Each structure stands twice: as structure tokens, then as C-alpha cells.
Number of protein chains: 2
Amino acid sequence: MSKTAKRIAIQGWPGANHEIAAKAYFEDENIEVVPCLTFPDLFDTLKQDRDCYGIIAIENTLVGSLLPNYTMLKDSDLVIIGEYKLRIKHQFLALPGQSIEEIKEVYSHPMAIAQCEAFFKNYPHIKLIESEDTALSAKRIADEQLKGVGAIASELAGEMYELETLAKNIETNKKNFTRFLIISDRGKTENDELLEQNKINKSSIVFSLPHEEGSLSKILTILAFYNINLTKIQSLPIVGQEWEYLFYVDLTFTDYKRYLQSLDAIRPLTKKLKSLGEYASGKQSYPVHNGDIETAHSN
Amino acid sequence: MSKTAKRIAIQGWPGANHEIAAKAYFEDENIEVVPCLTFPDLFDTLKQDRDCYGIIAIENTLVGSLLPNYTMLKDSDLVIIGEYKLRIKHQFLALPGQSIEEIKEVYSHPMAIAQCEAFFKNYPHIKLIESEDTALSAKRIADEQLKGVGAIASELAGEMYELETLAKNIETNKKNFTRFLIISDRGKTENDELLEQNKINKSSIVFSLPHEEGSLSKILTILAFYNINLTKIQSLPIVGQEWEYLFYVDLTFTDYKRYLQSLDAIRPLTKKLKSLGEYASGKQSYPVHNGDIETAHSN
């Protein structure tokens, strides 16, 4: 690795959950965050800046898979080089010195708003307004010194933009995790390093199958014969092609060679089989203590 | 059936997509819509009013499955008695006689806002504000005669609340479909009628499996031996129980008895296998013409 900072494109503004996940994933490395307002922007950034890494949310325990991200990943020439699971927490932030009663409007990303709706039911005087990003909503309050305005954003955003936390961890569901994928154009180099260290034990693949009895069962049976385990499967109808289905599957394995052989074994029975990346399975980032759940990187 | 109107609980206000789907599904029947602001409200309504039917969105081609609805359905004693697929269209509505330039704020459900963001990028002077419901946003404009305020809602809502359409079909993705489930406490009676008519050919089941190599492949192989087809499969990790996975699977079949036998055959290998309902597969509601897609009920 070079000594210059690794550039990591994140969706959202500095202080967004994507930055938190990026910092946790790259831990002690020197990273420089490249903010992208939307996921398509992030994919464009990576297309132009081949040395830049990216981090994208791919699924969430409450809302499921982020299908548009799967589609963009499938259609790109980027590969997954790692994953990170983050427990999602939301803070109610505003300029210092105000009470909740003084806040008339709260801005945040629609997903964050949805996850905190129960909390705001107690404050019917507050109007919830959608914005492009959690952290950007916090930044705007600080930049424009907006009184009477709040944001739902991360603790990191609160610190970065020097806002006060009016209420802590206001998310309704305390078991809400988002899984992030780290993607890169230079996957192969990274992969080689990981392969040498025998760390690659997971893969994400996509393929389509004809809508025929037993077509999926054959694929899974072959994978089982090769001792390949499934950690996720999701089917998607292809609109306008009702006779064909798309499948996103995550696999884990102990023997990398066996895994490659298993792909060769299922390929003739599938259409458009593609590996989206081979990587080291993410750390167990949420040990459970007495019913409460914290990420490994909090406390 | 009695001659009094069938009560159908919908999520959303009259004029919401749930009402459009309910009217399309029950076609010539005399129905009375019972509006429920949220999905939990709808489940509560059905718990108290045992004669009432319900209709819930369960998956959408853009955002995937509505996992919280799956969870509530699984945990309830309601059953699916039918399904309907609706092409989602959004209209930009306001009080008559205004131009887009005069509109300063647009209210709608976060999902509808997300689906029309590309359109509103051309009108940066408009603030997009989240509300509880598409149709309710339209109703409020009419009730309070709000000038300078718009709503994203259905054509039906525009007609019901006598609003003008400032822009038609402003949704970004023209291939966006939502699948709705019709649910009922009295599923068994309905089922008996359908069974007699040999119309039952689909089922939605849920089960969990130990996180073991090949556990899913065994289940699918048995289903294939029984000539049961899969039209959907989705795995879900169970937070806090990383050794177990939940699966939601939709099955289609031609022989109802064989289907029941196949469930008996897989039951010992699964945990908590439950049928969420057996029903007649929904009409193909979106024939494809020259790349454009319309629902069967629109011209």
C-alpha cells in the first residue's frame, strides 16, 4: 500500500453512516472520504477515478436489500472486496441551547425519518421534511445557523458540525443493521493479497434461471455437493420477462478452489452467471449483551 | 356472499394505491373501503373486525419486499386469499388554476417522493415534504384550499378531491409494479370456494432452517420432486440468531393435494413451517406493448 491516503467514495456527506462504516472497515488506514450525494454519483466517481474505493449499503434488516445498488453493481465492472455490518443509530440534532419545543422542522433522509417516526409522534408540532442526506441536513443547520430546525443524523455528524443532541438513539428498532459492501476497480490486486493469506471465504454471485420446476433446486444441490454454504438468497422477477428470474446469492466456503469448481459446475445450467466479488466475510460486528446490541466499534 | 358491501381495510386514505388495487381485485363486487393510516393500524383493524378484509403491499419491483408486512402477516392469524399486481403511476396535483412555478411545497409519502425525485430536480424551488399518505396529502390541499402547495398522488385521488394535474405520470421508472396481497381472517371459507373451483394454484410459506450446508437445497429438491414451482424466494437473517435463517417462499402448483403432501415432506426438515395462505395466482396485470407497460385495467 502507498503512504498517501486511500480515497473512499461514500454515499452521503461526511458524518453519514457510510463514513462511519468506511472508518470501521479500514480501521487504522489513512483514508480520505469522497462524498457522493447519490449512489449513481458514487458509481460515476469510481468509473472516473480508478484508484478510488467505494462503500455502498446493500441490505438492511428492516427494509431488506437495496435492489438498485445490486443492479448498478451487476452492470458495472467493479468488484466487492469486503463487507461491514453496522448497527444503525439516529440522533436528534440542533444548534446548541434550544429545547425540543422550539424545533419546528426536522430534516433528514427519508429512510432515517421512517426509522424515527415513532419518536416524533410525541412531538406533533414538528414537521418532518425529507432531504438528500442525514449528515448534510446537520451541516446545513450549522452552516446557516438555523434556529428552530433539527436534523436526524449520526453521532459523528453531531460532533463534526458541533450540534447539540436533543435526544439520543431515537431509532424505533434497536436491532437495525445495515450491511455495507466495499467495492473497487482494483479488486483483483486486493483479492490476490487476501487469497495468499487464505482470507477469502465469501462470495456474492448473480445469475438468471428459466422459470422451470426444479431449476433452482438443481443449482443449490450442486453447490451443496461442493460444500458451499448459502448465507443469502433473493429472487427477483425480471419485469417484461416473466419466464426468467434473477437470483442474488451470497456463498461462504472454506476451500477457494472448490468454490471456483462449483461455479464451473453450475454455469452451464444458469444464464449470465457473474461473480460480483470474492472477499473475507465481515467481522461479527454485533455481539449481543443482555438483549442490547452494540456495534463492535462503539464503546 | 351477503348483499351488504364487503369491508376492505386499505393502507392509506381513499384514493391511495391500495384503494386502486382493492377496486381492481374485487372488480364488480360492492366494496366499502376502510382507510388505515399505517400497516400496523390495518392489522389492528382486522383483528377487531373479523368480517373485514385487508389489502397490503408486499413487494415492489424497485424497492423489493416490504419486510415489516411479511413479519406482521407471519405473526398474525390472518391468511392470504389473493394477490394483485399494480403498475404504480404518480400525478403532480394542486388546486386548479396554478402553474408549477407557483408551487412552493409538495407533500407525499416518502416512497412516492423517492420515485419522482428525477422530475422535481427540474424544479429546485419546490420543497419536497414527507407526509403520511399520498391521497391524504391531496385531500388536505382540497380541504384547506391550500394555494402554492402540491401533492404526489394517484389519478383517482386527483378526481376524488377535484385537483388539477400539473404533470402526469411523473414517476421515474415506468416499469414499477407493486404486488398486493388480499388478507382475511375468514380465509378458510374463501379457500373452500376457490378449492371447489380448482382455482387455488399458489401459496406463500415461511420457515426457518439451521445455517448448515445444503439445508435449503434439500428443501428445494423435495419440492421439485413434488412438481412444485418457486416464484419467489427470499432469505432473511434472524438478528441475534446468526445460526438460523428465515425463508419466505412463494410456490405455484397444479395439483393441490400434491402441494399439501410436499409440505408434509419438508416439514420435518424445517422449523416453524407456516402457510401464509393458499390462493389463486393473480392475473397477468401487465402485458407488454412496444416496450411500454400498462396495467390490465388501464387502456
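Trainee: How do I read a nonpolar core, and which residues have the most contacts inside the largest one here?

Mentor: In soluble globular proteins, nonpolar side chains tend to be buried together. A nonpolar core is a set of buried Ala, Val, Leu, Ile, Met, Phe, Trp, Tyr and Cys residues joined through side-chain atoms within 4.5 Å. Buried means under 20% relative accessible area, exposed means over 50%, and partly exposed lies in between (1.4 Å probe, protein chains only). In this predicted model, the largest nonpolar core has 45 residues, and Leu216(A), Ile233(A) and Ile233(B) have the most contacts inside it.

Trainee: Before we go on, what should I know about the numbering and the cut-offs of the model?

Mentor: Residues count from 1 along each chain as its sequence is written, while chains are lettered from A and ligands numbered from 1 in the order in which they are written. Because the model is predicted, local features need pLDDT of at least 70, side-chain atom pairs count only at pLDDT 80 or more, and totals for chains, interfaces and linings use all residues; side-chain values use heavy atoms, leaving out hydrogens and water.

Trainee: Which residues is Ile233(A) in contact with?

Mentor: Contact means heavy atoms within 4.5 Å. Setting aside neighbours within four places in sequence, Ile233(A) is in contact with residues of chain A, including Leu216(A), Leu220(A) and Phe247(A), and with residues of chain B, including Leu216(B), Ile233(B) and Phe247(B). There is also a second, separate core of 42 residues, and Val34(B), Leu42(B), Ile80(B) and Leu86(B) are among them.

Trainee: Now helices. Which residues of helix 2 of chain B are buried?

Mentor: An α-helix has 3.6 residues a turn, so residues three or four places apart point the same way. Helices (H or I, at least four residues) and strands (E, at least two) are DSSP runs, numbered from the N terminus. In helix 2 (residues 39-48) of chain B, the buried residues are Phe39(B), Leu42(B), Phe43(B) and Leu46(B). Viewed down the axis of this helix, they fall within an arc of 95°, so they line one face; the arc is that of the directions from the helix axis to the C-beta atoms. On the other side of helix 2, Lys47(B) and Gln48(B) are exposed. The elements covering the buried residues include strand 1 (6-11), helix 1 (17-26) and strand 11 (177-184) of chain B.

Trainee: What is found at the start of helix 2 of chain B?

Mentor: There, a side-chain oxygen of Thr38(B) reaches to within 3.1 Å of the backbone nitrogen of Asp41(B).

Trainee: And which residues are buried in helix 6 of chain A?

Mentor: In helix 6 (residues 134-143), Thr134(A), Ala135(A), Ser137(A), Ala138(A), Ile141(A) and Ala142(A) are buried. Down the helix axis, these residues fall within an arc of 160°, so they line one face. At the start of helix 6, a side-chain oxygen of Asp133(A) comes to within 3.2 Å of the backbone nitrogen of Ala135(A). After the helix comes Gln145(A), with a positive phi near 45°.

Trainee: Where is Asn176(A) found, and which side chains does it make polar contacts with?

Mentor: A polar contact is a pair of N or O atoms within 3.5 Å; within protein, one must be able to donate a hydrogen and the other to accept it, and residues adjacent in sequence count only if both atoms are side-chain atoms. Asn176(A) sits in the loop between strand 10 (164-167) and strand 11 (177-184) of chain A. Its relative accessible area is 1%, so Asn176(A) counts as buried. Its side chain makes polar contacts with the side chains of Asn60(A) at 2.9 Å and Gln115(A) at 3.3 Å.

Trainee: How many disulfides does the structure hold?

Mentor: Zero, over all chains; a disulfide is a pair of cysteine sulfur atoms within 2.5 Å. For Cys52(A), the closest cysteine sulfur is in Cys36(A), 7.1 Å away, too far for a bond. Cys36(B) is in no disulfide either, with the sulfur of Cys52(B) 7.1 Å away.
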